[in-house]
Amino acid sequence: MDVSRYILLLALMEKVSTGKDVAYLVSNERIVAKGVKGDKAYEEPIVNMLHNHSSPKGMIVASYIPTDMCLGLLWQKGLQQVIYVENFVAKTISLKDDVISDPVLLEVDEDASFDIASRIEGKNWRALKLKLNTFPTTQSLFNQWRNLLNDPQTQRSLKAEAIYVSRRCNNIYKKRVSKKAEINMLTRISTSIPMQPGNDDTEQEKKDRVWMKIAYALAAAALPDHRTKLEEDKKPSLLPHGHNVAAIMVSPTDLILGWGVNIKDLNGCFHAETSMILAYLAKNNASKLPEGVRIYSTLAPCHMCAGLITTLGVNIPVVVGHMDPRIKDSTLDKKKNGSIQRMTNMMPITEKPVVERFDPRRGPPSPSEHAVWVKKFLIEKGQFPTAADWLASEHTKAEEEKKKGIGVTTFLRTAPPKQLFSYNLTSLQELLDACVGDPGENKILKRGIDLIEKIKTSGLIR
């Protein structure tokens, strides 16, 4: 028997005794934290533990098949391996180089093999010891193994006993979100949605364009300088700091069901989509997303957010403003449960160049880094760069920064990256006043304006 399989069997034992699935965080061959299945469908053991554990290190051992939501959180927390059991077959999934691998059979680690029992009373002790050191492949064999492990005549080895005792760790998590400050913030987010009278009637493509403008306007309204730095042991009044990403969820009739921005300073798992969905679930006492919803996000969801969406929803279209090259083969890319993501046909910067134009013969008016880049692009391509060119160059530069451990979304963290936000509350109002859209588009615009104003009057942003 190797250590990983032994711990896996201990997880199955606990599941039998409690009737609930469990997940262990294992570090240095000890169980240091435990996640337990909660009352809500989305409160999986791995999810509960990782949402509440600030800096987990080690590997995860689970008594159940991890969901896409679980795997996304493992990726988000930087953990590289999860071991689980399926029909008494030990399997593992690795998460390396930003890729979540397919499940494979868990190899036997000969170097980590050990005797579970140092001594077993009785004349057939050799056969019993062999049975205890053999991974059971059926429920009947598992029941025999469990009874033998706990038999008074079995004296567990020092190593097996130390691992066995470590199950009594104090770090036990039974809910996805347990801190009062986090629950309070999610409640404030969910209750800051205005009244929305009337339905709209317009083409889907137009809806997508308008909602994406509203999503970018929300991101602009909630830039870091409109929020607050979270102080230790203090309840945040404004939205806590996070990357400049925003998301909106709407019903089939285009009523706003939820909104979110990245508030990672409150909880590292609270990306825009995650905070939005958790706030919705808490407000409506729900365990899944309603049918027919659409999600608009200024940045393509990461593995964690994509896993959350595809686990809790079915056939959900996610419209995104731009892609994150770090995220490859997410569950949305794989169209799990019928959910998909697609790029908006509207660039976040429209009708305006990314910088002021200048006379190519004289060069830029100031030798800023950005102006130098524009001049170089102009010389190489013979034309001024578009918004897409700027985003592509930032992603390319960020790929180099990734190698230094900085990350590919660095340009989203500048204060503020105004090039991304040509839409704001004022520009939405100007569009509405100009009546350039049809009645359905204008109703959606009005809802977006009312939402951002309600968020401001709720005291969440300055």
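**Close-up views of a predicted model**

The protein exposes about 21600 Å², of which carbon and sulfur atoms supply 50%.

**Figure 1. Overview of the predicted model.** The protein comprises 14 helices and 15 strands. Of its 462 residues, 53% are buried. Among contacts with a separation of 6 or more, 63% are between residues 24 or more positions apart.

**Figure 2. The hairpin of strands E11 and E12.** Strand E11 (residues 246-250) pairs with E12 in the antiparallel sense, over five bridges. Val-250 has Ile-256 of E12 as its bridge partner. Five residues lie between the two strands, and in this turn Asp-254 has a positive phi of about 65°. Strand E12 (residues 256-261) is largely enclosed by the rest of the structure, because five of its six residues are buried. In a regular strand, side chains alternate between the two faces of the sheet.

**Figure 3. A salt-bridge network that includes Asp-254.** Lys-207, Asp-254 and Arg-294 are linked in a network of salt bridges. Asp-254 also belongs to the turn of the hairpin formed by E11 and E12.

**Figure 4. The salt bridge between Asp-115 and Lys-129.** The two side chains meet with an N to O distance of 3.7 Å. Asp-115 is in the loop between strand E7 (104-105) and strand E8 (117-120), whereas Lys-129 is in helix H4 (residues 125-132), so the pair ties together parts that are 14 residues apart in sequence. Asp-115 counts as partly exposed, because its relative accessibility is 39%.

**Figure 5. The salt bridge between Asp-438 and Lys-206.** The closest N and O atoms of this pair are 3.4 Å apart. Asp-438 occupies the loop between helix H13 (425-434) and helix H14 (439-457), while Lys-206 is part of helix H8 (residues 204-221); the pair thus links distant parts of the chain, 232 residues apart. With a relative accessible area of 28%, Lys-206 is partly exposed.

**Figure 6. The salt bridge between Asp-450 and Lys-446 in helix H14.** Here the closest N and O atoms are 2.8 Å apart. Because Asp-450 and Lys-446 are four residues apart in helix H14, about one helical turn separates them. Lys-446 is partly exposed, its relative accessible area being 40%.

Notes. Residues numbered from 1 in each chain as written. Predicted model: local features only at pLDDT ≥ 70, side-chain atom pairs only at ≥ 80, totals over all residues. Heavy atoms only, no water. Buried < 20%, exposed > 50% of the residue type's maximum accessible area, 1.4 Å probe, protein only. Contact = heavy atoms within 4.5 Å. Areas by Shrake-Rupley, 256 points an atom, 1.4 Å probe, with all protein chains shown as cover. Pairing = 2+ DSSP bridges. Salt bridge = Lys/Arg side-chain N within 4 Å of Asp/Glu carboxyl O.
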